[in-house]
Structure formats: structure tokens, C-alpha cells
Amino acid sequence: MLISANCKPNLFHLITYLLLSISCLLLGSSILNMGHHQHFDLIIDLFSMSHLFPDNLYYRLAGLCFLLVGSLSLLTSFLRPQLPLTCLLEKGISILLICMAIPPLISLVNNAVWIADLGGFPAIGAGQGIIKYWALLAIGITLLFQNKLSSQSIIWINFSPIAIVLLWIGGMKFTAIEANGIQTLIASSPFMSWMYSMWSIQTTSNLIGIYDILATLLLCLGIIFRQFMLIFMLPALMVFLTTQTFIFSWDSALSSTSILTTGGQFLIKDLWFIINLIFILLTPLQTQNN
């Protein structure tokens, strides 16, 4: 649980809300400054909302929702958990997260997110950023029902988005489209660029895909054999931490006009998976302290 029964503040609470605030504040600011966004276009088209209001209104609403969640999360991170205001803010944040995650996930039924040249589903293209909203949905559900769900339920709820994104996007690494798509990312990285000096673009991508799949399997084993959790979760954690370094090494991640580009927004969402990992690692410990 984020809050123990005696409502003592804890590092778990602080880190969770700080990561949520950083990601949402950056996303909200970027969306408001950018305006047009492919993911929101997919949602607007799917629900046939373009004729109701100007498209800019939807972009602004999405950006404001992220800013609201980010601001509330920042405030919550520094409030004492036992305060009635804190509990009210947590409930509001969780409901907002769930409402913000569901529309993008529903838009996965739109054929535009799949790569037609590879046969469509499950060859995912534009939907790679959309499936990351599973992490946001899991966070919202965990925060809303943390006192009602068992620790095992919370663990598997937060494992599911990690498994989805690592297995799905990891599987895409074996395709030429994805291998070429990540080339500039990998080449910019001081931690990964060396791979191209040893292997081809496709082989490098294949190895990253294999790593993603193995990281998922190890994390699953860590959940089953809790005594090895800290060790077995490290490969998955390294995936999401390395992704954050691309924001600084990849020229196309940042923009002088919108803070984060669409690529940068794709990368910052991986902070949500770090929150999922925190829930997986510390939820049993919090439960034992209750």
C-alpha cells in the first residue's frame, strides 16, 4: 500500500508521486505547446468528435488534465498521508488517471495504429505510445483501490503493463521497420551506441528484443520467488532508466517550442513503468508493516 495503516509518511509515497508529477507536468506542458498530436487525432476520429468542437479544444483539455494530475501529484508528494486533504487528492488523482488512460487504450481498435505492410495487428506502429497508457491505468487502479485490493492483486495489476510493453515492443524489435526506427536512438546513446560497432542494425535490434523478453520473464520469476525480486527486477528497471537517458542524448526528444517532441513524450511515459515496478517491489513490504 502507498500508505500504511498508521498513516506514517514514507519514501514509497514520495517517490511515486514525484515521478508521476514529473511525467505529467512535462507531458501536459508539451501537449499544450504542441497542439496537434497524432494520438489525440486517433481518439477524436474514433469517437467522431471532430464535428462537435475544434480539435484544439481536445488538445488543450488533454494537456490541462496532465497538468492537473502533475500539480496534484506534486502537492500530494509533500503532504502528510494522514491528512484528509491528502486522501481526497489521491482519490481525485486516481480517478483522473483512469479517465485519461481509457480513451487512448480504446483507440487501439483503430486500424491506423497497426502497420499494414506487416499484416496489421499485432504489428504495432503509432500504437506503441498508446499501449503505455496501460501503465497509467494500472497506477490509477492501484491508487483508487489500494486499501481494498490484496498485495498479490496489486502486484499482478502492475506487472501486466510492463509485460505488455516489453513483450510487444520487444517483439517488434525483430522487424526491420523497428530496427531502423530505433537506429538514431541507439546511435545517440553513450551506453548503447557501441553495439553498432559490433553488430548490424538488425542484429542489435534483435538483441535488444531478446533482452526485453528476458527482462519480462525474470520479473515474473521475481514475483513468484520473492526472495529474488530485487535482483530479478533490475533488468526491467534498466530498460526504463535507459529510456530516460535518450531524452538527453537524442536530438529529436526535446523541442524549443514544446519542451518534449512526440518522441520525447513517448520516452517520458516510461516513468510510469518505474512506478509500476515500485508497486511490485514494495507493496508486500508495506502490507507487512500495516
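User: Serine 107 lies in the loop between which two helices?

Analyst: This is a predicted model. Serine 107 sits in a loop, with a helix on either side. Those helices are α4 (84–106) and α5 (133–145).

User: Is serine 107 buried or exposed?

Analyst: The relative accessible area of serine 107 is 0%. Buried means under 20%. Serine 107 is therefore buried.

User: What distance separates the C-alpha atoms of serine 107 and alanine 215?

Analyst: Along the chain, serine 107 and alanine 215 are 108 residues apart. Alanine 215 belongs to α10, where it is one of the residues that meet α12. The C-alpha atoms of serine 107 and alanine 215 are separated by 28 Å.

User: How many residues in the contact of α10 with α12 are charged?

Analyst: From α10 come Tyr211, Asp212, Ala215, Leu218 and Leu219, which meet Pro235, Ala236, Met238 and Val239 in α12. The contact divides into 8 nonpolar residues and no polar ones. The charged count is 1.

User: With which side chain does the side chain of threonine 243 make a polar contact?

Analyst: Threonine 243 is in helix α12 (residues 234–249). This threonine is buried, at 9% relative accessible area. Not counting residues up to four places away in sequence, threonine 243 touches Leu267 and Asp270. The polar contact, at 3.0 Å, is with aspartate 270.

How values were computed. Residues numbered from 1 in each chain as written. Predicted model: local features only at pLDDT ≥ 70, side-chain atom pairs only at ≥ 80, totals over all residues. Heavy atoms only, no water. Helix = DSSP H or I, 4+ residues; strand = E, 2+ residues; numbered from the N terminus. Buried < 20%, exposed > 50% of the residue type's maximum accessible area, 1.4 Å probe, protein only. Polar contact = N/O pair within 3.5 Å; in protein donor to acceptor, adjacent residues only side chain to side chain. Contact = heavy atoms within 4.5 Å. Nonpolar A, V, L, I, M, F, W, Y, C, P; charged D, E, K, R; others polar.
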